[in-house]
Amino acid sequence: MVSKLKTGPLGLQSIYFKDAPGLLSWASIAGKKEGEGPLGSYFDEIIDDAAFGQDTWEEGESEFMEAACKLALKKAGLTAKDIRYLYGGDLLGQLIATTFGIKNMEIPFFGLYGACSTMGEALSLASMCLAGGFADNVIATASSHFGGAEKNFRFPLEYGNQRPPYSTWTVTGSGAFVLSRTKGDIVIRGITTGKIKDYGIKDSMNMGASMAPAAASTIYQHFQDFSSTPENYDRIFTGDLGKVGQEILLKLLEENNLDISKQHRDCGIEIFNPDTQNTGCGGSGCGCSAITLAGYITKQMLEGSWKRVLFVPTGALLSTVSFNEGQSIPGIAHAVLFETRKHQ
Amino acid sequence: MKKEPSKDAYNQYVEEITPKANVAINCLKAFITGGAICTLGQIIKNTALYFFPISEVSAGLWVTVILIFLSVLLTGLNIYPSIANWGGAGALVPITGFANSVAAPAIEFQKEGQVFGIGVKIFTIAGPVILYGIFSSFIAGILYYIARLMGWMA
């Protein structure tokens, strides 16, 4: 495992942070179904009303994000004025959930679209900004919403249809993180930015198969760049590959002589119980990895169960237009390396 | 990565490991659901013929109207999706499925307004069925007309 003297580019796709930026505080706001899942007890708040007291799914999703940002700020003992930049995104067209959710906080804003990998993209850019000395505190956030995503990408919720057994269920929820240049018990030691990988999968319900090559590519390159092996990590969390995607990821890496089966977990697999919740292959959406990180992973790290975790949210970069026009589904994955500060 | 599969090899591998729906069980569920809906239709028709002095054609129309009403009502109460999730094509092929496909977008897109919401999007799912249904009837009508002119059909 690499240990460098200074912050800078590492290998082909990574950055190493010597004085690593840290997570000052975080918050997870989850929907009802997520609250009923195996990770339910880890979330800060569970909102039973999917519209969060609003008229539409979209406004509801904005409320989830605003609530997550405000709770994270409150936990950090800061106000919106202390935040230099906000990096955030969601799945809806033109990022409307994020835009309307954060507009009243009046924080300088970078809107990000990385499909379901957005949480990793936001944390990557936020940590670069801090390590570069351009800010003391920034926020990284992402959200998704089952109702909004179904309406936007598939069918109205009231429409009766059968989901194939390999489909995934979009998570309703938002996770937000306040990052600090110098403080925090959990730090970001480095990042590995993913390349777009397209192996020609065309079934938009089979998200796991379209994203697994991107996850494999990013994780493989991370090991190369950091001169590390799977044994150096307590856990490697992908975002929302689901069961099919997990099987593919392990096989693709195995063919390159990497066995991560002991360390690998998938946020989408952890968040729902497919037997009782009818969620198919697992959870998906930006919110899936965001609330799993903010609720579950950070807690395990604070308690000392895990000291080094690679967080790799995965995104399927399709739109209804590209799908209808017969294009395949490109995938992307961004890795963020978390360590507990004591572990240095 | 050092070793990457070819696109063809990858797609073939994905096809192999992706779990498939059980066709036999799905067919049975569809048979039960579709059969139940059609039985209900037959009950309505027989009841109408028994109690009211109407023709068979009129009784058939009552079946259609009542089944559509029930489907829209169950869609509004968010019960129909559960029936369709279990029964699959058995719930989608009868006229109740068509009614559901019209009612569902109307409910979902009502928030976007009477014109651009309901007006534009009410037929997003049913539209193709209506368009190609009418178009194929048109073609069939022309063929029937020609066939009669030529004396091939009575």
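Q: How many other C-beta atoms within 10 Å make a residue buried?
A: In this predicted model, burial is judged by counting the other C-beta atoms around a residue's own. To be buried, a residue needs 20 or more.

Q: How many of the 19 residues of helix 6 of chain A are buried?
A: The cut-off for burial is 20 or more other C-beta atoms within 10 Å. Helix 6 of chain A is largely enclosed by the rest of the structure, because the residues that pass this test number 18 of the 19.

Q: What span should helix 6 of chain A have at 1.5 Å a residue?
A: The expected span is 1.5 Å times one less than the number of residues. Helix 6 of chain A has 19 residues, and its end C-alpha atoms are 27 Å apart.

Q: Which residue with a positive phi follows helix 6 of chain A?
A: Helix 6 of chain A covers residues 207-225. The residue in question has a phi near 45° and is A:Ser227.

Q: Which element gives the largest share of the side of chain A that touches chain B?
A: The contact joins 27 residues of chain A to 31 residues of chain B. Two elements give two or more residues to the chain A side, helix 6 and helix 7 (242-254) of chain A. The largest share is 4 residues, and it comes from helix 6 of chain A.

Q: How many residues of the side of chain A that touches chain B are nonpolar?
A: That side of chain A includes 5 charged residues. A further 8 are polar, and the nonpolar residues number 14.

Q: Why is B:Ala84 counted as buried?
A: B:Ala84 lies in helix 4 (residues 80-87) of chain B. The cut-off for burial is 20 or more other C-beta atoms within 10 Å. B:Ala84 is buried because the number within that distance is 24.

Q: Which residues of chain A does B:Ala84 touch?
A: Not counting residues up to four places away in sequence, B:Ala84 touches B:Ala91, B:Leu92 and B:Asn100 in chain B. From chain A, the residues it touches are A:Gly160, A:Asn161 and A:Gln162.

Conventions. Residues are numbered from 1 along each chain as its sequence is written. Chains are lettered from A and ligands numbered from 1 in the order in which they are written. This is a predicted model: local features need pLDDT of at least 70, side-chain atom pairs count only at pLDDT 80 or more; totals for chains, interfaces and linings use all residues. Two residues are in contact if their C-beta atoms, placed from the backbone, lie within 7 Å. Ala, Val, Leu, Ile, Met, Phe, Trp, Tyr, Cys and Pro count as nonpolar, Asp, Glu, Lys and Arg as charged, and the others, Gly among them, as polar. A residue is buried if 20 or more other C-beta atoms lie within 10 Å of its own, exposed if 12 or fewer, and partly exposed in between; C-beta atoms are placed from the backbone.
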